[in-house]
Amino acid sequence: MTTMDISQSRTADHTSCRLAHRPEAVGHARRIARPLLHSWRVGEDASASVLLVLSELVTNAVVHARPPLALHLHLHREHADLRVWIAVTDGGPATRTGRWAATRAHDEHGRGLFLIDTLAISHGTCMHGGGSITHWARLRAPARTAA
C-alpha cells in the first residue's frame, strides 16, 4: 500500500493529497513538499521551517486523530512577500492515542505546538461537518536569492 491516495490536486501555487494514516505519512508529506517549495523558490531556511511544521501537523494527525488524512499546501503572495499555508485535515480526535506514540520517549511529546508557535505567523484549527478537523499554519517564506 502506498502512503498517497490517487486523489491528488495540484496547481502552480497549491497542492492537496490524501495520505495513509500511518507513521510513514510524515516522510511522504515531506517528499511531496520539498520539490514544491523548491519550485516556488522558497529559501532554504524557510523551507526547513515549513517542513518542520508540516511534520508536526502530520505527526499529530497520525498519533491523535482518526483517518482520513489529507495534506494541503498553498503559496500566497502578499505584496513582495511569500507565505506558505500548510494544512492537515483529519477525521477528528481518536478515541485513543496511536500505537506509534507509545513507542516514543516521554520527553518527545508536547514539543510540536511550541515549534509551531515559534515558527508560524499564525496557526489554528477549523472544525468541519462530520467531525473532521483541519489544523493549519501560515509561515513567512522568503524567496531564494540567486546564486
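Trainee: How do you know that the span of helix H1 (residues 24–39) agrees with its 16 residues?

Mentor: The expected span is 1.5 Å times one less than the number of residues. For H1 that should give 22 Å, and the end C-alpha atoms lie 24 Å apart, so the two agree. Helices here are DSSP runs of H or I with at least four residues, strands are runs of E with at least two, and both are numbered from the N terminus. Bear in mind that this is a predicted model, where local features need pLDDT of at least 70, side-chain atom pairs count only at pLDDT 80 or more, and totals for chains, interfaces and linings use all residues. Residues are numbered from 1 along each chain as its sequence is written, and side-chain values use heavy atoms, leaving out hydrogens and water.

Trainee: Why is Cys17 called buried, and why is Cys126 called partly exposed?

Mentor: Buried means under 20% relative accessible area, exposed over 50%, and partly exposed in between (1.4 Å probe, protein chains only). Cys17 has 2%, so it counts as buried; Cys126 has 34%, so it counts as partly exposed. In H1, the buried residues include Ala25, Val26, His28 and Leu37.

Trainee: What makes S4 (residues 81–90) and S6 (residues 133–140) a pair?

Mentor: Pairing takes at least two bridges found by DSSP. S4 and S6 have eight and run antiparallel; one of the bridges joins Val84 to Leu139. S5 (residues 122–127) also runs antiparallel to S6, with six bridges.
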